[in-house]
Amino acid sequence: MKKVFKFLILVLSLSGWQAGYACGGIHHNAAAKTIIISTPDKSLSLLIDYAHGCRITQLNVKGKNTLANSGVFSAVRTDANSFASADPQNKLQVKTTDQTVTISGITFGDQVLKVGEQWQFTLKGNKISWIITCQYDHEATLQEAAMPVWNFADLSVWKAGIFDNGGMVWCKYLAAVGDTYGVHTGGVTFWNETSGDGLAIRPIVKGQQQLASKYSHGQNHEFTFTQIVTDSVLKQRYNLSRFVNGHADVFAPFDVKKGATTMELELRYVDYADQYSRGKLPGIDAIAVRELMNTTGRYGVVDNNIIGANGWTTNWKCLHEPFFAQIGMALNDPDYTRNFSSTLDQERDQAMLPDGRVLSRWHNAPGDEIKGTYNPQTGYYEAMWGYTIDSQTGYVINAAEQFDLNGDITWLRSHQKSCEKALDWLIKRDANNNGIFEMMNNNIAEKKASDWLDIVWASYENAFVNAQLYEALNLWANCEKVLGNTDKADYYTTVAARLKSAFNKPIAEGGFWSPEKKQYVYWRDNDGSVHGDNLVTPVNFAAIAFGLCDDKARVAQVLEQIEQRTVAEKLFHWPLCFDSFKQAEVSPGNWPFPKYENGDIFPTWGYLGVRAYVTYDKSIALKYIHNLLAQYKKDGLSSQRYSRTTQLGQGDDILAGICTTITGLYRDIYGIRPKWNRMGLEPNMSTGLNGTEFTYKLRDTDYKVSLSVGSYALNTRDFSIKSSAAFGAARSGDVLKYYHHNRDAVSLEVSTDRAKKIALNIINWDDERKSCSINTPGNYLLTLPGLKANSKHQVTINKSQQVLTANNEGILSLKASIKAPTTISIL
C-alpha cells in the first residue's frame with residue numbers, strides 16, 4: 001500500500017510539473033514538497049525540491065532539463081567538513097504568491113560554523129530572480145563556498161559560456177575530471193550550438209561585493225558552475241593559476257564574517273542565434289564567424305585585467321602582441337572592450353619598468369623567465385628566450401587602437417606618459433644613428449630572440465620590430481594630437497618618416513630590401529651580416545600592411561611570390577617562412593625545416609596578410625578568410641599552429657591570435673574603423689559580398705551597417721548616411737558631423753532639431769564639387785569648414801541658385817527649409 005501511495009504522489013508531482021511548465025507561473029505541491037516556477041513564455045522553468053534538503057532538481061530550457069541528478073544548491077567547505085543546502089533539513093517554511101516563492105529555515109553546518117539561508121524567487125516577466133540570503137553564525141575560514149553550485153548533466157549540455165568580462169569557457173577544454181577554470185567574474189551566458197538555446201545567469205552586485213566563479217569537470221562527469229561572493233577579491237590557491245588540472249579548489253581559502261551576505265541572480269532564456277547574430281553576410285559563413293569569435297576569439301581572456309592570446313588553459317599572456325584591441329573591434333563586445341582597457345591599465349602599472357621597458361610576458365608561475373625578472377605577486381617577467389622588444393610596440397599599438405574603441409580621453413591621458421616612455425625607450429636604441437632601432441642582442445652567436453618568434457635568433461636591427469615601431473609611432477602621434485601635444489606628435493611622425501626611409505633602402509645601403517630576392521630581409525647583426533632572406537611572411541606583410549612599403553612594384557613582387565608559393569604547396573594559410581633559416585639562426589626546436597617557427601603555419605599574423613593583400617588583390621585576402629573559417633569548422637582552430645607538411649593542428653599552447661584573419665575581415669574588407677569621436681567605414685567590398693548587413697555597437701550607439709560595392713551606409717536611431725566613398729559620422733545633440741574618407745577633419749555639419757532624425761546622402765565630395773541630399777523634412781543649417789578664407793561658392797538647392805561667401809576662417813554656412821528630399825550642391 002505504501003508503494004502505491006508513493007507512486008501516486010510521484011504521478012501527481014510529475015503531472016503538476018507538466019501542468020506548471022505548460023501554464024507558466026508558480027505551482028506549489030505541498031504534499032510532494034516541490035515548487036515549479038515557469039516563465040510566461042515557457043522558455044525557462046525550475047523545479048525546486050525541499051523534501052530532503054533544498055535544491056533545484058530540474059532547470060528546463062525550452063522544455064529540456066539541463067541538470068544532473070545533483071542539481072543546484074548552496075554549500076560551504078571548512079577544514080574538516082563539507083555542508084550543503086541539499087543536506088537533510090528540519091521543516092522548512094514556504095510562502096508563495098502569484099509571482100514569488102520564499103523558502104526559509106534552510107540550515108547546514110556544525111558547531112564550527114552554522115549557515116542559515118533564505119531563498120527567494122521572483123518572476124519578472126520572462127526572467128527569474130533568485131536571491132540567496134546567507135547568515136553565518138561565526139567568523140570562519142572557508143576552503144570553498146558556493147552561492148550556488150550548478151551541476152549540469154554533462155559537458156555536452158552547453159558548448160561554451162561567455163563571461164561578463166568578455167572571456168569564455170569552452171567545455172571541451174575541461175578534458176579530465178577535476179579540470180577547473182576560475183575567474184573573478186560571476187555572469188555567464190551558456191549556449192548550445194545545435195539547439196540554439198542559451199541560458200544567461202547574471203549576478204547583481206551590491207555594494208562592495210566581490211564575485212568569482214569556477215567551471216569544472218565534475219567527479220561524475222557533470223559540468224559544474226560555482227558562483228562565489230566575498231568581501232574581498234579571492235586569491236589563487238596554486239601560484240597565480242586560473243586553470244588547474246585535476247583540482248576543483250582553484251581559489252585560496254578566505255574568511256567570512258559573522259552576519260548576512262546576499263547573492264542576487266537573474267536567470268533568463270537566450271535565443272543565442274538572435275542575440276549573437278553576425279547579421280547578413282553574403283559570401284561569408286556567418287555562423288562560422290560567430291562561433292570562431294565567441295570561442296577561439298575570446299579564449300585569450302585569462303581573467304579580469306589579463307587579456308592576451310595564449311589563453312587560460314596554459315595561464316599565459318604575451319605582451320609582445322599588438323592585436324588585442326583589433327580582436328575587441330571584431331568581437332564588438334562592450335565587456336571585452338572594458339576589460340581590455342583595464343588590462344592595459346594593469347600592464348602600465350605592473351609590467352612597465354621605471355625606464356620605460358615593458359616586460360614581455362605574464363604567467364601563473366616562474367620557470368619561463370630570465371633569472372630574477374619574475375614577479376610572483378604580479379606574474380610579469382622577461383622571457384627566458386631573450387628580450388622581446390616588440391612588447392614596447394605592442395603596448396603602444398594596443399593603447400592607441402583601444403582609445404578608438406573606448407573613446408575615453410581621460411583614459412588615454414592616463415597612458416600618455418607610459419606610451420611616451422615605451423616609445424622613447426626604443427627610440428634611444430639607435431647607436432649608429434641610421435634611423436633603424438636596435439635590439440638588446442647583437443648577433444646570432446648570443447642565441448637569443450628579440451621578438452615574437454622567440455626561438456629564432458633575430459638580432460640587432462630587426463625589421464619586424466622596426467615595422468611595428470613605425471605603426472606605433474604613427475598611431476601614437478595621432479593620440480598626441482588629440483591630447484593637444486602637437487610638438488610630440490610632430491616629433492613621432494618625424495622619427496617614423498626617417499625610419500621609413502632607412503627601412504626601404506637596399507641591404508647594401510643599410511636597409512632591409514633585397515633587390516636580388518625581391519623581399520624584405522628579417523634582420524642585420526651588428527657585424528653587418530644579413531639574415532632572414534627566406535621570405536619571412538610577417539616581416540614582409542608588416543612592411544606592406546603598416547605602410548612602410550608603398551612602392552607598387554615592390555608590393556607586387558612580394559605578394560605575388562607569397563601567393564604563388566602558397567598555392568604551389570596547397571596550403572590553407574600562410575607559413576611563417578617559405579624557406580629554411582640557417583641552422584645557426586635558430587634554436588634546435590626549429591630544426592629541421594619545416595618545423596615550428598622555421599616554416600610551420602601560424603595563422604596568428606593573418607590580419608597582416610589580409611591588410612597587405614586587400615588593396616592589391618582583395619580576392620586573395622578573401623580566399624584565406626574562407627580557408628580559415630573552413631578550418632574552424634574542422635577543428636575549432638584549437639591549436640597553436642599547423643604542420644607545414646600535414647596541415648594538421650600542432651602544439652598544446654592554443655592561440656587566440658589565430659582569429660586575427662577574421663579581424664581583418666571586419667577592419668579591411670567591411671571597413672569597420674571606429675574612431676574615438678565617430679564611427680567610420682572604409683570598406684573594400686567585392687560583388688560577392690553585396691548586400692552585407694549587420695549591427696555594430698560603438699560605445700552607446702547601435703549602427704546598422706549596409707555594404708555593397710560603391711554603396712556604404714550607416715543607420716542609427718538619430719541619423720542615416722549613405723555614400724559611395726569611405727566616411728565617418730557622429731551625431732551629438734542637434735548636430736550631425738560627416739567626415740569624408742573618415743579623415744580627422746570634419747567635412748560637413750548638419751544641424752536641426754535634436755528630436756529629428758537626419759537622413760543624409762553624400763552624392764559627391766571633392767575639391768571641385770560637394771553635393772548631398774537630405775531626405776527628411778525640417779529646417780537645417782549646413783556648415784562646411786576647411787574652405788579658402790573669404791572664397792565665393794555657387795550653392796544650388798534643388799534648382800535654386802545663390803552665391804555665398806566663406807568667412808575669414810574658411811567656413812561656409814547656409815540654411816535650408818526642406819519639405820521633400822532635396823539636393824544641395826556647392827561649387
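**Exercise 1.** Locate Gly547 in this predicted model and decide whether Gly547 is buried, partly exposed or exposed.

*Solution.* 
Step 1. Gly547 sits in the loop that joins α11 (537–545) to α12 (552–569).
Step 2. The relative accessible area of Gly547 is 24%. Buried requires under 20% and exposed requires over 50%, so Gly547 is partly exposed.
Step 3. List the contacts. With neighbours within four places in sequence set aside, Gly547 is in contact with Tyr470 and Lys500.
Step 4. Take a distance along the way. Gly547 and Ala467 are 80 residues apart along the chain, and their C-alpha atoms are separated by 8.9 Å.

**Exercise 2.** Find how many residues of α11 are buried and name elements that cover them.

*Solution.* 
Step 1. Nine of the nine residues of α11 are buried, so this helix is largely enclosed by the rest of the structure.
Step 2. The buried residues include Pro538, Phe541 and Ile544.
Step 3. The cover over the buried residues of α11 includes α9, α10 (486–503), β31 (519–520), α12 and α13 (606–614).

**Exercise 3.** Describe how helix α4 and helix α15 pack against each other.

*Solution.* 
Step 1. Two packed helices are described by the angle between their axes and the distance between the axes.
Step 2. For α4 (residues 324–331) and α15 (residues 660–669), the angle is about 70° and the axes are 9 Å apart.
Step 3. Angles of 65 to 115 degrees count as roughly perpendicular, so α4 is roughly perpendicular to α15.
Step 4. Name the residues that meet. From α4 come Gln326, Ile327, Met329 and Ala330; from α15 come Thr663, Tyr666 and Arg667.
Step 5. Sort this contact by class: four residues are nonpolar, two are polar and one is charged.
Step 6. Check the cover of α4. Eight of its eight residues are buried, among them Phe324, Gly328 and Leu331.
Step 7. Just after α4, Asn332 takes a positive phi of about 55°.

**Exercise 4.** State which residues touch the most other members of the largest nonpolar core.

*Solution.* 
Step 1. The largest nonpolar core has 253 residues, and within it Tyr666 and Tyr670 touch the most other members.
Step 2. Helix α9 (residues 463–482) gives the largest share of this core, 11 residues.
Step 3. Another core, of five residues, lies apart from the largest one; Phe73, Ala75, Ala146 and Val149 are among its members.
Step 4. Return to Tyr666. Beyond its neighbours within four places in sequence, its contacts include Arg278, Leu281, Val289 and Phe694.

**Exercise 5.** Determine whether Arg673 is buried or exposed, and find the partner of its side-chain polar contact.

*Solution.* 
Step 1. Arg673 lies in the loop between α15 and β36 (679–681).
Step 2. Its relative accessible area is 15%. Buried means under 20%, so Arg673 is buried.
Step 3. The side chain of Arg673 makes a polar contact with the side chain of Glu682, at 2.8 Å.
Step 4. Residues up to four places away in sequence not counted, Arg673 also touches others, including Arg667, Asp668 and Asn742.

Definitions and conventions: Residues are numbered from 1 along each chain as its sequence is written. Side-chain values use heavy atoms; hydrogens and water are left out. Axes are lines fitted to C-alpha atoms, for helices over the stretch in contact, and angles run from 0 to 180 degrees between N-to-C directions. Helices (H or I, at least four residues) and strands (E, at least two) are DSSP runs, numbered from the N terminus. Angles under 35 degrees count as roughly parallel, over 145 as roughly antiparallel, 65 to 115 as roughly perpendicular and the rest as oblique. Contact means heavy atoms within 4.5 Å. Ala, Val, Leu, Ile, Met, Phe, Trp, Tyr, Cys and Pro count as nonpolar, Asp, Glu, Lys and Arg as charged, and the others, Gly among them, as polar. Buried means under 20% relative accessible area, exposed over 50%, partly exposed in between (1.4 Å probe, protein chains only). A polar contact is a pair of N or O atoms within 3.5 Å; within protein, one must be able to donate a hydrogen and the other to accept it, and residues adjacent in sequence count only if both atoms are side-chain atoms. A nonpolar core is a set of buried Ala, Val, Leu, Ile, Met, Phe, Trp, Tyr and Cys residues joined through side-chain atoms within 4.5 Å.
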